[in-house]
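This briefing covers the nonpolar cores, the relation between the chains, and the sheet. The structure comes first.

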Number of protein chains: 2
Amino acid sequence: MNCISCKKPNEKNLIVITKFWIVTLSRNQAYLGRGYITSKRHCNNLSELKPDEWSELHDLIKKLEYTLEKAFNATMFNWTCLMNVAYQESPPNPHVHWHFRPRYDHTVEIAGKQFNDPEFGHHYSRKREQSITPTVREIIIHKIKQHL
Amino acid sequence: MNCISCKKPNEKNLIVITKFWIVTLSRNQAYLGRGYITSKRHCNNLSELKPDEWSELHDLIKKLEYTLEKAFNATMFNWTCLMNVAYQESPPNPHVHWHFRPRYDHTVEIAGKQFNDPEFGHHYSRKREQSITPTVREIIIHKIKQHL
């Protein structure tokens, strides 16, 4: 079956590829540094992850929490594994991926663009969107890679 | 500092205590079987979890996904680690806990009470609440424990 997550990631959003996972930046930067950790293998749910995959996921979480604190002074993180959209198809064909949203108790400015977190201390907003220019995206990815 | 998650869990919501984690049922059963996996140790974030704690978390995720499929035919799961509320305090004192929401493409009836998931295939609703009587709570926990 066709699976969008099995396709090669768009190079311009790519942060890092590890043995089992692919880390990419989201186009929506309402939460600066927001991104995805996607299983390289087409795996349907968390139960099916192998011990090595689960262990490397923790390594990546640790690296990203460290990196985004160094790069943008991220205050804390929201981690979610949902996969709801896959169940709009019949039959569903989910592919394990995690959403990470760094959260901020302060404003961060990048190339003159301000990034705020007005919902800090509360559940993330799914309505608020922030698009970025190619230049700002390159700066964000460069800063993340510097500390990864 | 005072930490509500370090307190003993309410016996009536308790599902299981393992070496490193405590599993409890949520009072809000808008998603039948919704609950929490809370670290026994006061640990501030996912980065600080030790390898044994991370590994046992996966064991628990696998057990709960299996169990809730057996007990209520849960279709899939939403897993989140947020900890936003802790950051409303100054200084914040977060304690690692996971939210799990089984999701359903069908209605489940327990002791004459219907449980639906009108948002199936979409992000969970934080507005919809479903309280349960002590009897229904006991039945839900009993059915979960039967397959755990």
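Setting aside neighbours within four places in sequence, A:Phe100 contacts A:Arg34, A:Gly35, A:Ile37, A:Leu64, A:Phe77 and A:Trp79; contact means C-beta atoms, placed from the backbone, within 7 Å. The model is predicted: local features need pLDDT of at least 70, side-chain atom pairs count only at pLDDT 80 or more, and totals for chains, interfaces and linings use all residues. Residues are numbered from 1 along each chain as its sequence is written, while chains are lettered from A and ligands numbered from 1 in the order in which they are written.

- A second, separate core of 30 residues includes A:Leu46, B:Phe77, B:Trp79 and B:Tyr104.
- A nonpolar core joins buried Ala, Val, Leu, Ile, Met, Phe, Trp, Tyr and Cys residues through C-beta atoms within 7 Å, where buried means 20 or more other C-beta atoms within 10 Å of the residue's own.
- The largest nonpolar core has 31 residues, and A:Ile37, A:Leu68 and A:Phe100 have the most contacts inside it.

**Sheet**
- Ten strands form an open sheet with antiparallel pairing, in the order 1(A)-2(A)-3(A)-5(A)-4(A)-4(B)-5(B)-3(B)-2(B)-1(B); strands are DSSP runs (E, at least two residues) numbered from the N terminus, and a pair needs at least two DSSP bridges.
- Strand 1 (14–17) of chain A and strand 1 (14–17) of chain B are at the edges, each with a single partner strand, so one side of each lacks a neighbour in the sheet.

Methods:
Buried ≥ 20, exposed ≤ 12 C-beta atoms within 10 Å, placed from the backbone. Contact = placed C-beta atoms within 7 Å. Helix = DSSP H or I, 4+ residues; strand = E, 2+ residues; numbered from the N terminus.
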